[in-house]
Structure formats: structure tokens, C-alpha cells
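Visitor: I am new to this structure. Please walk me through how to read it.

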Amino acid sequence: MEAQVVTIDQPFHSASETFVEITTHLSGEALSDKTHSAIEAYLETDGRALLRLLLQDHLDNRGSGRVGEAVCGADGVVRSQKRDHMEMG
């Protein structure tokens, strides 16, 4: 599987493409003569790759969570992370 660039407009695009590849493979003739355990092994490998793509797309969509100067909130809790897209209100 090759790495792909994901745009913010479609953050789960690579995972969606991989899902289609898996379902196409499952419905094709290539697996028709395979045992259940062989199909499970295929799904364990490619399904886990799909889960990793979903997680990475989710993390990419969340933002960097970069660390800046720590601040102490009114509640006394020290916070050391800030997302770029968050606004103070």
C-alpha cells in the first residue's frame, strides 16, 4: 500500500479507497476458493492497515496539538498544549 496525501476537504479519502479495495477483493473470484482462515488472515492484515489509515486520518484532522508555553487556567490546571485552530472566546 502506498502513502497518499490527504486533503482537509476529504480527511478519510485514503481510508475510503482502501475500504473499497478490500470489499472489491472480498467480492471477487480471487478469494472464492480460499479457506475461512485464509480470508481471516487477509482481513487481519489488510483490515488492520485500514484501521491504521482511519486512525492517522483522524489524527491529521485533529490538528497538530503543538506544545507552546504552558498556561495555568482559572481552575488551577496547567495546560501545555494548544491546537492552532482553537480560538479564545
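Visitor: Where does glutamate 69 lie?

Guide: Glutamate 69 sits in strand β1, which spans residues 67-72. Keep in mind that this is a predicted model.

Visitor: Is glutamate 69 buried or exposed?

Guide: Read the relative accessible area. Over 50% counts as exposed. Glutamate 69 has 75%, so it is exposed.

Visitor: How far apart are glutamate 69 and serine 80 in space?

Guide: Their C-alpha atoms are 6.3 Å apart. Along the sequence, eleven residues separate glutamate 69 from serine 80.

Visitor: Now the whole chain. How many helices and strands does the protein have?

Guide: Two helices and two strands. Along the sequence, the pattern reads α-α-β-β.

Visitor: What share of the protein is buried?

Guide: Of its 89 residues, 12% are buried. Contacts tell another part of the story. Take those with a separation of 6 or more: 38% of them join residues 24 or more positions apart.

Visitor: Which residues of α1 and α2 make the contact?

Guide: From α1, they include His13, Ala15, Phe19, Ile22 and Leu26. From α2, they include Ile39, Tyr42, Leu43, Leu50 and Leu54. By class, the contact of α1 with α2 has ten nonpolar, five polar and three charged residues.

Visitor: Pick one residue from that contact. Why does alanine 15 count as buried?

Guide: Buried means under 20% relative accessible area. Alanine 15 has 3% relative accessibility, so it counts as buried. Alanine 15 belongs to helix α1.

Visitor: Which residues does alanine 15 touch?

Guide: Leave out residues up to four places away in sequence. Then alanine 15 touches Leu50, Leu53, Leu54 and Asp57. Look at leucine 54: it is 39 residues from alanine 15 along the chain, yet their C-alpha atoms are separated by 5.7 Å.

Visitor: What about α2 itself? How many residues does α2 have?

Guide: Helix α2 has 27 residues. To read its span, go from the first C-alpha to the last. That gives 37 Å, close to the 39 Å expected at 1.5 Å a residue.

Visitor: Which residues of α2 are buried?

Guide: Tyr42, Gly47, Ala49, Leu50 and Asp57. Helix α1 is part of what covers the buried residues of α2.

Visitor: What follows α2?

Guide: Glycine 63. Check its phi: the value is positive, near 105°.

Terms used: Residues numbered from 1 in each chain as written. Predicted model: local features only at pLDDT ≥ 70, side-chain atom pairs only at ≥ 80, totals over all residues. Heavy atoms only, no water. Contact = heavy atoms within 4.5 Å. Helix = DSSP H or I, 4+ residues; strand = E, 2+ residues; numbered from the N terminus. Nonpolar A, V, L, I, M, F, W, Y, C, P; charged D, E, K, R; others polar. Expected span 1.5 Å × (residues − 1). Buried < 20%, exposed > 50% of the residue type's maximum accessible area, 1.4 Å probe, protein only.
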